[in-house]
Amino acid sequence: MSDAARAAAPTAAEAAAAVARDSFGRLVAYLAARSHDIAGAEDALGDAFAAALRDWPVDGVPGAPEAWLLTTARRRLHDRWRHGLVEAGAEATLAIVFGDLAALPEPEFPDDRLKLMFVCAHPAVDPSARAALMLQTVLGLDAARIASAFLVAPATLSQRLVRAKTKIRSAAIAFEVPGADEWAPRLADVLEAVYAAYGTGWDDVAGTDPTRIGLAEEALTLAAMLVRLVPDAAEAWGLVALLAFCQSRVRARRNPQGDYVPLAAQDTALWDRELLGVAEAALQKAATLAAPGAFQLEAAIQSAHTQRCLGADVPATAIVELYDGLVAVQPTIGAIVSRACAVGAAEGPAAGLAALATLAAEDVDAYQPYWAALAHLADAAGDERTSRAARERAVGLSTDPAVRRFLLRGD
């Protein structure tokens, strides 16, 4: 290798970080789909990364880092089995996982992500843990971020995940995509996980978190894979539409100075028209299936906002009606807060404040969008004291500096 090539090559830490960011979930899925042991697969892969950080600085980064890590992780699983760290009677697992170990070292990686997501939605797994299990196992999100996405305490979520993994291992749940007759009851959990994954990527508006870069696009890809798997599922098409509408605006969310730009002030010339077309087509496809649901309603709301920003005459009351439908089928805190903002735009700030007042204080104490909405509506109503206090609270709950600056400006 020439000096220039050596200087341009990634360091061991950089190479390991890139694989962890781009392929951790896929590698865990590959191992777990063959060992039936999610926790064991994660531990073995963690050991493999530790070995990489020890060996690569000395031996150099291998030409196929993923293959190196997979081979090492499989050997770790093998060693644990041999030393009795895996449950007794695992001969069949050994044959499946290690039978062709020597045949690697540069395997093709099948995309087992959707298969593993459907496994995580198995009826034997606690419903409260299914989507979270998918986010951690398939996409590699940490417990704290997943807990934030579902508005639960990290400790509570961690306990759920441990119990779920133990259940999968002890019950020897089959790692197979269920038959068509079993898809419907599992699909909702898979869609919820994909939606939450997109949200965690979307929240990194600055695009500065290396563990989130690409996560929104990966979620959209998974949603597109789902509609190919279950083309008659209206909510799967609704999710594609919703994510495509949101993703179409990515480039407009910041101005050239890096400041946050809200939807109403975005430069629509920066919107991705191709993605907008995908979104509208997916929403129309969902409508033809005559099975309305929350994702379709959210996508319809995004469509209405999009059309208004592009100059179409969409009444503000129409958006409120869509939110009424959304809250009726999915009365989440986020939906109620967003509906209050829509009511404020259609009927005046006092009506919006009244809609916000229906939420219990303990439910919104740490929910940043509530305080941002309260600051906006109170300011519009002339209640400067409430607006200032709510804005301070929203700023304190914001993790993005540009969002904090936007809130402090009071735009």
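Reader: Why is tyrosine 195 called partly exposed?

Author: Tyrosine 195 has a relative accessible area of 32%. Buried means under 20% relative accessible area, exposed over 50%, and partly exposed in between (1.4 Å probe, protein chains only), so tyrosine 195 counts as partly exposed. The model is a predicted one, in which local features need pLDDT of at least 70, side-chain atom pairs count only at pLDDT 80 or more, and totals for chains, interfaces and linings use all residues. Residues are numbered from 1 along each chain as its sequence is written, and side-chain values use heavy atoms, with hydrogens and water left out.

Reader: What makes phenylalanine 295 buried?

Author: Its relative accessible area is 9%, and phenylalanine 295 is therefore buried.

Reader: Why is the pair of tyrosine 195 and phenylalanine 295 called edge-to-face?

Author: The ring centres are 5.2 Å apart, with 65° between the planes. Rings of Phe, Tyr and Trp (its six-membered ring) pair if their centres lie within 6.5 Å; planes under 30 degrees apart count as stacked, over 60 as edge-to-face and the rest as tilted. Tyrosine 195 lies in helix 10 and phenylalanine 295 in helix 14, so the pair ties together parts 100 residues apart in sequence.

Reader: What makes the pair of tyrosine 370 and tryptophan 371 edge-to-face?

Author: For tyrosine 370 and tryptophan 371, the centres are 5.0 Å apart and the planes stand at 85°, which gives an edge-to-face pair. Tyrosine 370 is buried, at 11% relative accessible area, and tryptophan 371 is buried, at 18%.

Notes. Helix = DSSP H or I, 4+ residues; strand = E, 2+ residues; numbered from the N terminus.
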